[in-house]
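Q: Please take a close look at one packing contact in this model. Begin with the chain as a whole and give the cut-offs behind each term.

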Amino acid sequence: MSNPSDMNNVTRKHTALPKAQILIEALPWLTRHNGKTVVIKFGGNAMIDEDLKAAFAQDVVFLHHAGLKPVVVHGGGPQISAALDRHGIVSEFKAGLRVTTEDAMDVVRMVLAGQVQRELVGLLNQHGPLAVGLTGEDAHTITAVRHQPEIDGELVDIGRVGEITAIDTGAIEALLADGRIPVVSSIARSEDDGHVYNVNADTAAAALAAALGAETLMVLTDVEGLYEDWPNSDEVISRLTASQLEKLLPELSAGMVPKMEGCLHAVRNGVTTARVIDGRVQHSILLEIFTDEGIGTMVVPDELPDLKPAKKKSAKKSGKKQGDAV
């Protein structure tokens, strides 16, 4: 007669088998990405939802312990707008960028470096002494000049908004070599006038990814990815080349443009893949990096062979249009 405890052990083994299969599926991706740098732009709904923030921190720490070298870059649009309201400063946007007066820049700097960054560093450090916060000002990490967008054929002054001119990766590389997770606020030092600039976090993440020679740039958004033909179709483009993306850029809405321009810049400057993923999905980073299916849109250089099957994924209709994520 068989021992009941033996039967229970067999049952437990079978119950755990799917977990083992999931881990094994991740093995080739773990091998491919081991020791590689991945730059992650943290933004969208993931920044304001407590559960998503906690899941994001878990994902980044998982990447670290899995042998990757994550670098986090963040903005803070919702938090900046709320703080400006509290200070009686009106939020104004031109050409998709926040008009940043001297007074507004003080608030931007305070919110990014003193609030958003500190909270994110704290979440990561719940898992160990890992995260170190810095801004683009530190060790000349990000240098910029005043950016003046062209609107209706004329250059427009939008204040302390910067266009990145140089990246110095020394401080970030030192932190990575020490086994830390750098968390970078998207503020830049001035190249010419001694001030600081508010820089677009998508652009900053792409510039850092290129300068670091990162394997991957990941941009969290509030949409499923890049839609094939929104609003006529809810198919999400799973994979496209740099040239294909360049042709699509004029058709994109303002909010998606800096994200996709960043992806294009990254893959044309040495980054192997750039991915736009849905930050509203818990553990979306792990799903994209460590599974065969993936969940977002991946941009690759023109000459890169397929890394995944090139297929489109049907996205859930969420009422959002292409480029709603800013």
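A: The protein chain exposes about 15100 Å², and carbon and sulfur atoms supply 52% of that area (Shrake-Rupley method, 1.4 Å probe; for residues, only the protein chains shown count as cover). This is a predicted model, in which local features need pLDDT of at least 70 and side-chain atom pairs count only at pLDDT 80 or more, while totals for chains, interfaces and linings use all residues. Residues are numbered from 1 along each chain as its sequence is written, and side-chain values use heavy atoms, with hydrogens and water left out.

Of the 326 residues in the protein chain, 50% are buried (under 20% relative accessible area, with exposed over 50% and partly exposed in between; 1.4 Å probe, protein chains only). The chain has 9 helices and 18 strands, which are DSSP runs numbered from the N terminus (helices H or I, at least four residues; strands E, at least two).

Now the packing contact. Helix α6 (residues 201-212) packs against helix α8 (residues 257-267) at an angle of about 10°, and their axes are 8 Å apart. Axes are lines fitted to C-alpha atoms, for helices over the stretch in contact, and angles run from 0 to 180 degrees between N-to-C directions. The two helices, α6 and α8, are therefore roughly parallel to each other (under 35 degrees; over 145 is roughly antiparallel, 65 to 115 roughly perpendicular, the rest oblique). From α6, the contact (heavy atoms within 4.5 Å) takes in Asp 202, Ala 206, Ala 207 and Ala 210; from α8, Pro 258, Lys 259, Gly 262, His 265 and Ala 266. These residues divide into 5 nonpolar, 2 polar and 2 charged (Ala, Val, Leu, Ile, Met, Phe, Trp, Tyr, Cys and Pro count as nonpolar, Asp, Glu, Lys and Arg as charged, and the others, Gly among them, as polar).
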